[in-house]
Amino acid sequence: MTTSTAKVPAKSAYLAGVRDGLPFVIMLIPFATLFGVVATDAGLTLAQAMGFSVLVIAGASQFAALQMMVENAALPFVMLAALAVNLRMAMYSASLVPYLGAAPLWQRALVSYLNFDQTYITSVTRYEARPEMSVADRVAYFLGVATPITPLWVIMTLVGILAGAAIPDAWALDFIMPIMFLAMVAPMIKSVAHVAAAAASIIVALAFISLPSGTGLLMAAAAAMVTGAVVEIWTEGWRK
Amino acid sequence: MNFSTAEIWFIIAALGAGTFLIRFSFLGLIGDRPMPPIVLRLLRFTPVAVLPGMVAPLVVWPAATGGQPDLVRLLAAGATLAIGFWTRSALWGIGGGVATLYAGLAATAWL
């Protein structure tokens with residue numbers, strides 16, 4: 001991150017986004033491939049598995065939906081579980097408003113379609129670090145981050161479908177997603193408040209694990225956000 | 001699974017539409033209006049609030065071991081967090097975590 005996007009055209013912001021999105025390619029390859037493998041294994045056709053990756057593009061909820069379908073849960077519960085996992089994206093959507101709220105509607109719609117964990121976290125980190133970015137640059141940067149990620153997500157789903165059961169269990173693909181998310185969170189821990197929020201999230205999520213899929217996570221997220229904000233206010237008070 | 005083709009396509013389409021609406025909710029409908037400071041403060045913690053809770057059960061009770069806690073996966077998770085924290089880099093965290101996971105699995109198979 002040596003170049004500044006402050007006074008350069010949107011094209012540079014887009015390219016900076018592409019560069020910052022590239023590392024995620026390494027993580028998404030196993031994750032998307034795994035979805036293809038698991039979906040085929042569960043009995044979805046090629047078109048159905050691809051439909052998931054193109055229309056939903058939300059890994060965790062795709063897996064959640066699949067899990068509920070394999071368990072033959074009632075249709076409303078399949079929907080509820082998968083959408084509950086995605087509710088965090090409403091929070092992502094809200095936190096982008098101060099940065100992208102002034103962009104044209106079609107751009108906001110496009111950003112919304114592409115708003116998932118990796119694009120959101122990468123972009124917000126950049127926006128926070130560079131408050132001088134213009135709205136056009138911010139949109140360009142966001143689309144840049146999504147550029148290497150999104151097509152690969154779809155392509156690797158297809159590879160997973162075709163590779164099917166050829167991938168041995170010994171590869172432990174199941175644990176790539178947890179590693180991916182942990183690696184994303186670790187560099188974001190910047191203060192005592194962040195540690196407190198993460199701890200609250202873990203404790204509440206583990207405590208309410210028996211609740212229907214996604215419900216415990218929502219409670220954990222709410223508790224963690226409040227914990228983080230309260231601890232942040234406390235620690236600000238100490239410094240005065 | 002017992003779902004008909006039509007039901008499966010309904011799930012895919014409805015999930016796609018529902019997920020888009022969730023993502024579009026604030027950014028599309030609320031737009032440029034200023035948000036109260038307390039809301040902004042809460043929202044800053046969103047990723048740190050959501051991701052640890054999502055991962056914790058997968059780390060403590062991995063599905064691959066039938067929900068039994070697994071030393072190798074716990075070590076890999078710890079290595080990912082520690083390396084990601086000290087290097088401030090997601091990529092190094094992933095590299096360290098995956099290396100620990102495979103080294104641990106290889107050691108387990110060999111012992």
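The model is predicted: local features need pLDDT of at least 70, side-chain atom pairs count only at pLDDT 80 or more, and totals for chains, interfaces and linings use all residues. Residues are numbered from 1 along each chain as its sequence is written, while chains are lettered from A and ligands numbered from 1 in the order in which they are written.

**The chains**

Helices (H or I, at least four residues) and strands (E, at least two) are DSSP runs, numbered from the N terminus. A residue is buried if 20 or more other C-beta atoms lie within 10 Å of its own, exposed if 12 or fewer, and partly exposed in between, with C-beta atoms placed from the backbone. Two residues are in contact if their C-beta atoms, placed from the backbone, lie within 7 Å.

**Between the chains**

The contact involves 79 residues of chain A and 65 residues of chain B. On the side of chain A that touches chain B, helix α5 (residues 88-100) of chain A gives the most, with twelve residues. That side of chain A comprises 61 nonpolar, 14 polar and four charged residues. Here Ala, Val, Leu, Ile, Met, Phe, Trp, Tyr, Cys and Pro count as nonpolar, Asp, Glu, Lys and Arg as charged, and the others, Gly among them, as polar.

**Two helices of chain A**

Helix α2 (residues 46-56) of chain A and helix α8 (residues 135-163) of chain A have axes that come within 9 Å and cross at roughly 155°. Axes are lines fitted to C-alpha atoms, for helices over the stretch in contact, and angles run from 0 to 180 degrees between N-to-C directions. The crossing angle makes α2(A) roughly antiparallel to α8(A), a term for angles over 145 degrees. From α2(A), the contact is made by L46(A), A49(A), M50(A), S53(A) and V54(A), and from α8(A) by W153(A), V154(A), T157(A), L158(A) and I161(A). These residues divide into eight nonpolar, two polar and no charged.

**A helix of chain B**

Helix α3 (residues 46-60) of chain B has 15 residues and reaches 22 Å from its first C-alpha to its last, close to the 21 Å expected at 1.5 Å a residue. The expected span is 1.5 Å times one less than the number of residues. Since 14 of the 15 residues of α3(B) are buried, this helix is largely enclosed by the rest of the structure.

Key:
Angles under 35 degrees count as roughly parallel, over 145 as roughly antiparallel, 65 to 115 as roughly perpendicular and the rest as oblique.
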